[in-house]
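I opened the notebook for another look at this chain.

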Amino acid sequence: MVSSSSSTLLDKVCNSNPGPSVFRSSGTQLWVEYSSTQPSNSFEASFKKLLDPSFCPKNVISNGTSGSVSSPFYPSNYPSDMECSWNITGQAGSRLVLLFHWICLGICTTGRDELYTSKGFVAEYQSVFLDGACSQMIQLTNMSGWFSSPNFPSNYPGNVQCGWNISIPSGYKIYLTFLDFEVEECGSSCTCDYVEVSYSNNFSRKKCGNIPSGGWEVKNVLADNIVVTFKSDSQSNKKGFQAVYTLVSLDACK
Ligand SMILES: [Ca+2]
């Protein structure tokens with residue numbers, strides 16, 4: 001009796017009356033092989049599918065720098081009637097980026113018309129660290145990081161201008177998310193304080209006011225770089241913003 005056709009033998013039973021024996025698989029398969037030289041020999045067994053929370057992989061991750069989490073038995077199908085949760089704690093002073101590479105809950109297809117059902121998900125997490133303070137233009141060349149307005153989460157000072165220029169290597173795209181956003185609002189054109197995102201010399205968007213966490217995301221940008229600018233005037237300073245970014249290979253997440 002083995003937990004799969006290629007796994008280690010769990011036990012071999014050959015007594016005439018071994019009594020009740022319980023065998024537990026380490027995965028989703030249990031292989032039972034019966035061999036007899038006597039036609040009168042027989043055996044009887046029953047099986048039960050168990051839902052064990054320990055099947056949820058790596059559900060507590062402390063001090064994590066990077067790694068992945070996935071649904072039980074990924075890339076095989078996840079079992080029914082399971083409830084898993086993951087508690088991921090990053091390193092002190094960092095922010096966590098969680099990127100889902102694959103989610104299939106139900107029936108899914110790919111661009112090549114392949115059909116999948118209930119494969120679950122796999123996600124990658126990464127602790128990212130503060131990337132630069134405030135200067136006219138900071139070059140950011142890390143694959144991921146976070147940055148904020150000066151003094152965040154305390155109020156930013158007046159009359160400052162900060163710029164962050166994030167390089168995007170060939171074959172990568174960027175995900176940029178504003179986790180907090182509280183910037184003095186003056187009209188729809190943001191004439192007092194603002195944050196501006198621009199790239200490719202032809203796209204720019206300026207925002208001010210209050211935006212909920214994750215309410216401003218810049219995704220799937222295909223450009224050599226992306227520039228984030230923050231500017232405040234002399235009056236009425238607010239909490240400001242913090243943003244996190246990560247660069248993802250074009251092959252890794254479709
Ligand atoms: Ca202001």
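**Entry 1: a loop residue.** I started with asparagine 159. Leaving aside residues up to four places away in sequence, I found asparagine 159 touching Ser232, Asp233 and Ser234. I am working with a predicted model. Where does asparagine 159 lie? I placed asparagine 159 in the loop between E9 and E10.

Entry 2: I turned to E9, residues 144-148. How many of its 5 residues are buried? I got 5 of the 5, so E9 is largely enclosed by the rest of the structure.

Then I sorted the side chains of E9 by direction. Ser144, Trp146 and Ser148 point one way, while Gly145 and Phe147 point the other way. The residues of both groups are buried. I noted the general rule beside this: in a regular strand the side chains alternate between the two faces of the sheet.

Which strand does E9 join through 5 bridges? I traced them to E17, residues 240-249, and the two strands run antiparallel. In E17, tyrosine 245 is the bridge partner of glycine 145.

Entry 3: I followed the chain to E10, residues 161-167. I found 3 bridges joining E10 to E8, and this pair runs parallel. For glutamine 139, I read the bridge partner in E10 as asparagine 165.

**Entry 4: the sheet.** I then laid out the open sheet of 5 strands. Its order is E8-E10-E16-E12-E13, with mixed pairing. Which strands stand at the edges? I found E8 (138-140) and E13 (203-207) there. Each has a single partner strand, so one side of each is left without a neighbour in the sheet. Ignoring direction, I have neighbouring strands of this sheet turned by 15 degrees against each other on average.

**Entry 5: the record.** For residues 56-100, I have end C-alpha atoms 17 Å apart, with 0% helix and 44% strand. For residues 134-248, the end C-alpha atoms lie 25 Å apart, with 0% helix and 53% strand.

Note on methods. Residues are numbered from 1 along each chain as its sequence is written. This is a predicted model: local features need pLDDT of at least 70, side-chain atom pairs count only at pLDDT 80 or more; totals for chains, interfaces and linings use all residues. Two strands pair if DSSP finds at least two bridges between them. Helices (H or I, at least four residues) and strands (E, at least two) are DSSP runs, numbered from the N terminus. Axes are lines fitted to C-alpha atoms, for helices over the stretch in contact, and angles run from 0 to 180 degrees between N-to-C directions. A residue is buried if 20 or more other C-beta atoms lie within 10 Å of its own, exposed if 12 or fewer, and partly exposed in between; C-beta atoms are placed from the backbone. Two residues are in contact if their C-beta atoms, placed from the backbone, lie within 7 Å.
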